[in-house]
Amino acid sequence: MAFKSKAVQNLSNSSGSPTTISDTVSGSTTHVVVGLTISNTSAANITATVTFTKSGGSAIHLVKDAPIAVGGTLVLIGGDQKVVAEAGDLFKAYVSASSAADAILSYLVGT
């Protein structure tokens with residue numbers, strides 16, 4: 001397994017057009033997500049929503065409108081919490097204010 005991460009700056013503030021924060025999992029691999037953190041980069045409190053979409057399925061909420069204080073972070077996946085993503089699965093996020101948050105997703109790639 002290879003360790004990888006993806007960093008995304010300036011998350012969308014639109015529920016209709018959330019920011020994709022993961023790479024699409026290819027057909028012959030799985031991603032074991034070991035970390036997902038959203039940081040508030042603005043001068044005001046914000047809320048964050050993160051969804052996980054199975055290939056061909058509907059988005060489910062990992063968290064909806066979770067508050068993040070000024071200078072704070074929201075750790076959704078880490079420690080004992082892991083999520084296995086299969087072919088075509090995606091993580092997406094949006095926050096309550098434009099360009100107010102960054103995200104980092106860390107994962108292991110397996111075959």
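**Talking through the model**

Colleague: Which residues does threonine 53 touch, not counting those up to four places away in sequence?

Modeller: Threonine 53 touches Ser58, Ala59, Gly88, Asp89 and Leu90. Contact means heavy atoms within 4.5 Å.

Colleague: Before I go on, what kind of model is this?

Modeller: This is a predicted model, where local features need pLDDT of at least 70, side-chain atom pairs count only at pLDDT 80 or more, and totals for chains, interfaces and linings use all residues. Residues are numbered from 1 along each chain as its sequence is written, and side-chain values use heavy atoms, with hydrogens and water left out.

Colleague: Fine. Where is threonine 53 found?

Modeller: In strand 4. Strands (E, at least two residues) and helices (H or I, at least four) are DSSP runs, numbered from the N terminus.

Colleague: And is threonine 53 buried or exposed?

Modeller: Threonine 53 is buried, with a relative accessible area of 17%. Buried means under 20% relative accessible area, exposed over 50%, and partly exposed in between, using a 1.4 Å probe and protein chains only.

Colleague: How far is threonine 53 from lysine 92, C-alpha to C-alpha?

Modeller: They're 8.1 Å apart in space, and 39 residues apart in sequence.

Colleague: What about the radius of gyration?

Modeller: The chain has 13 Å, which agrees with the value near 13 Å for a compact globule of 111 residues. The radius is taken over C-alpha atoms, and the globule rule is 2.2 Å times the number of residues to the power 0.38. Along its principal axes, the C-alpha trace spans about 40 × 25 × 20 Å.

Colleague: How much of the chain counts as buried?

Modeller: 41% of the 111 residues. As for contacts with a separation of 6 or more, residues 24 or more positions apart account for 77%.

Colleague: Switching topic: how many aromatic pairs are there?

Modeller: One. Rings of Phe, Tyr and Trp (its six-membered ring) pair if their centres lie within 6.5 Å; planes under 30 degrees apart count as stacked, over 60 as edge-to-face and the rest as tilted. Here phenylalanine 52 and phenylalanine 91 have ring centres 4.7 Å apart and planes at 40 degrees, so the pair is tilted.

Colleague: Where do the two sit?

Modeller: Phenylalanine 52 is in strand 4 (residues 46-53) and phenylalanine 91 in strand 8 (residues 90-95).

Colleague: Now histidine 31. Which strand is histidine 31 in, and what does histidine 31 touch?

Modeller: Histidine 31 is in strand 3 (residues 30-40). Leaving out residues up to four places away in sequence, histidine 31 touches Asp23, Val25, Val83, Val84, Ala85, Tyr107, Leu108 and Val109. At 8% relative accessibility, histidine 31 counts as buried.

Colleague: And serine 106?

Modeller: Serine 106 has its place in strand 9 (residues 101-110) and is buried at 15% relative accessible area. Among the residues that serine 106 touches are Phe3, Val33 and Gly35.

Colleague: Last one: where does alanine 66 lie?

Modeller: In strand 5 (residues 59-68). Alanine 66 is buried too, at 9%, and beyond its neighbours within four places in sequence it contacts Ile46, Thr47, Ala48 and Leu74.
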